[in-house]
Amino acid sequence: MSMNKHNDFKRKYPLTSKWATRLNIALLFFHIGYLVWFALTGIRIMAIFNIFSVLLYTSNIKIIPKNPILGLKLIYFEILLHYLMAVQCVGWFCGFQDYCFSAVVVAYFIGYALDQDGIKGFNSTFFSLAALVVFVGCWIEAKIYPENIYYISSVLIESFHFVNVLLNVAILIIFSYIFVNKILAENDMLLHNAEYDELTNLPNRHNIERIKNSYHIDEPDGTRDYALAIIDIDDFKKVNDTYGHQAGDYTLQMLARKLEAHKTIRTEIGRWGGEEFIIWVAGESAMDILLEDTEKFRKELEEMELNYQGISFKITVSIGVSYAKDGLTFDGVLKKADEGLYKAKNSGKNQVVAV
């Protein structure tokens, strides 16, 4: 397989490429070790079987990028057949059948990776049940035919058992750790995406609502001294139409970074939607502080020249400001700020209007 095609596979299926390849290589070295051990201990059938296993995993290095489902199915069929034959050759007490338990964990993790990459055709439940069926089959076989194909000493039985238990525990720990941390990381990402705007990384409406609730706004014993400002980019459509939507996105991101520079311990900021942003100041003299800060912010943007891919242009903003008074709810204060923004837009733009 060419390097370009292999790189395409890694880009298109990042999780599958990473974990299927690692699993295959780990099992390759695992079977090389068992090939040597079986050969040295005179267990010829398993030594020969491990020669075919090594060839399979070597071939799988190329098969997985071309056909990951086939490659992974070959891995599982080889694992199940391996410990079925091992129990026949060296007996139940060597512990080869115990790989059933780690095979279940690995099956679900690989199924998860394939699902994340959008690859269909690998049924984790089927392979887990197949492992359990083979496990039960090994137990029944050991009961019906207690004599092994090969006689091995108690020391060798104990050695096989120790190594197999150790490897099983290691596999269970590694894949459980990976899986749990992967799920936790995805949950964190989902939570972040639910509460933060993807383009600007500022809190979105949902997050602002959560912040509002944390102040117990609109409750009798909640924070009553606060002020809100709604900021809107003047003639933003012209930026998109003249310089392109990527320049528009760049403009929104730059404005967001400027807003972050004005954030204090008493300030909350967010993207309200489209080209509108919100600033919220709580505490004593909130209105005075917000008026001063928004005017400073407006002047900074007026004087700033944006440069996107060699194209220079300027923007201005209109801002409406209001504060909690006369028993207004949060939505009422927000509505007043929106009225101030409307007045600013209709009286020349590029100004701060308090209502």
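The paragraphs below go through a sheet, the helices against it, and the cysteines.

This is a predicted model, in which local features need pLDDT of at least 70 and side-chain atom pairs count only at pLDDT 80 or more, while totals for chains, interfaces and linings use all residues. Residues are numbered from 1 along each chain as its sequence is written, and side-chain values use heavy atoms, with hydrogens and water left out.

Five strands form an open sheet of mixed pairing, in the order β2-β3-β1-β6-β7; helices (H or I, at least four residues) and strands (E, at least two) are DSSP runs numbered from the N terminus, and two strands pair if DSSP finds at least two bridges between them. Because β2 (267–273) and β7 (352–354) stand at the edges with a single partner strand each, one side of each is left without a neighbour in the sheet. Strand β6 (residues 317–323) runs parallel to β7 and is joined to it by three bridges, and Gly-320 has Val-353 in β7 as its bridge partner.

Helix α10 (residues 245–261) packs on this sheet, touching β1 (226–233), β2, β3 and β6, where contact means heavy atoms within 4.5 Å. The direction of α10 makes about 10° with that of β3; axes are lines fitted to C-alpha atoms, for helices over the stretch in contact, and angles run from 0 to 180 degrees between N-to-C directions.

The structure holds zero disulfides, a disulfide being a pair of cysteine sulfur atoms within 2.5 Å. The sulfur of Cys-89 lies 10 Å from the closest cysteine sulfur, in Cys-94, which is too far for a bond.
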